[in-house]
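Please look over the sequence and the model before reading on. The paragraphs below go through them step by step.

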Amino acid sequence: MDNIMATLRTPKGCLGCLGLVVVLIALFVGGLMLGGIVNENYHMPEISLAAEEIPLPFELPFFGHSVPNTLPATWLTMLLLIAVSFFATRSMKEVPSGLQNAVEAIVEMFYRFIEGVAGAHQAPVFFPLVATFFFFILISNWMGIFPGFGSVGLWAEHHGETVLVPFLRSANAHLSTTVALAIVSVSATQYFGLKLVGRPFLRRYFPFFFKSAPVEKEKPAATGFAAVIGKVAAIMEKGSNAFVGILEFISEFIKIMSFSFRLFGNIFAGEVLLIVVAFLCAFLASLPFMALELFVGLVQALIFSMLSLVFFMMATAHHD
Amino acid sequence: MWPESYEAVTQAAAAITIALGAALPAFSIGWMGSKAMEAIGRNPEASGDILTNMILAIAFAEAIAIYALVVALAIKFVPVAALAH
């Protein structure tokens, strides 16, 4: 206790700490002064739900005269992932070192995690796709926080007024990217189910067609009223099974929507949050929100890949 | 009672959408978390399993909140002129 008091009273330690706190508070207050709350002439940048189109001087076959600005971000993510894997596996050594070592550590950590969830038998089958989802979504989310994303662009005419069209926007802030990922995930569920379980996989959509031979013991033949009730119950059971099958089929499409909107909503809302906070306070206040965005990017990548993995496992679980 | 301008209704609609749409998932996530904590307290060895399943269930609940957020953002940021046609 006396040592602490002695340190606090020492001019050197006390002054330094105090000076740092004063500088931080001054930065924050200065940021508020410069920010949008106080200045009426400082307008918030345009936030658009749809990805802005970058007008091109030439014409592309599929896109036409403009390209959505999430596309270069997707290309950058792909470039980064491909470059890292290329350089990490260029001259592979038995005892890894350098980039190969780092990449091996990351991949192995993720593989252990998947093995814990899916079991050692099925993990090698699911790992490539799930890891691709995870690393693609993670890298594209984290790249969206980089300086330059959403701030560097060109001015273009849009609905009669000039707006800034940024060259780069977080790749998952466009519904097309997330819907594409979701479609791949749900299609892969059907593919794994059909490949690993075979035809009985379709039992979940058509429960009355493909049901295996009934394994119930032989019930004594009922007579009279009980027989009629039994037959009615059997018909109703078939009907409700058919309804459940239809519901399962519809729920696959709802899964596509759910996957895509979860990812899109999180990333787009994060972008809007960063824009608004940076607008309100010019310095310092963005930092905790940037950290939040890093965390949210990681969690959303994890959730997308984990949910895909769980659906794969549910599709290939052997009931019998 | 209802304001004449579309702008006012837009603001109110966006606010109510996200307020209600985030309150109920928040409640359900808290409930799930508390049940998971109870389960871990009763059986600390299964904490890995419990954690994985809890995160899964929380992801589903949070997705509902995100749907509400997307609807609120769409109400707020899709310009009126675009909807007029």
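Predicted model: local features only at pLDDT ≥ 70, side-chain atom pairs only at ≥ 80, totals over all residues.

Residues are numbered from 1 along each chain as its sequence is written, and chains are lettered from A and ligands numbered from 1 in the order in which they are written.

The predictor's confidence in each residue is called pLDDT and runs from 0 to 100. Chain A has a mean pLDDT of 85, with 92% of its residues at 70 or more. Within chain A, helix α1 (residues 2-9) has the lowest confidence, a mean of 67, and helix α5 (residues 123-143) the highest, at 95. Helices here are DSSP runs (H or I, at least four residues), numbered from the N terminus.

In chain B, the axes of helix α1 (residues 6-42) and helix α2 come within 8 Å and cross at roughly 175°. Axes are lines fitted to C-alpha atoms, for helices over the stretch in contact, and angles run from 0 to 180 degrees between N-to-C directions. The two helices, α1(B) and α2(B), are therefore roughly antiparallel to each other, a term for angles over 145 degrees.

Where do the two chains meet? The contact takes 19 residues from chain A and 14 residues from chain B; two residues are in contact if their C-beta atoms, placed from the backbone, lie within 7 Å. On the side of chain B that touches chain A, helix α2 (residues 47-77) of chain B gives the largest share, twelve residues.

The largest nonpolar core has 37 residues, and Phe133(A), Phe134(A) and Phe264(A) are among those with the most contacts inside it. Such a core is a set of buried Ala, Val, Leu, Ile, Met, Phe, Trp, Tyr and Cys residues joined through C-beta atoms within 7 Å. Elements giving two or more residues to this core include α5 and α7 (225-280) of chain A and α2 of chain B. Beyond its neighbours within four places in sequence, Phe264(A) is in contact with residues including Asn172(A) and Val70(B).

Phe253(A) lies in helix α7 of chain A. Phe253(A) counts as exposed because it has 11 C-beta neighbours inside 10 Å. Leu284(A) is in the loop between α7 and α8 of chain A, and its 16 C-beta neighbours inside 10 Å make it partly exposed. A residue is buried with 20 or more other C-beta atoms within 10 Å of its own, exposed with 12 or fewer, and partly exposed in between.

Conventions:
Parallel < 35°, antiparallel > 145°, perpendicular 65-115°, else oblique.
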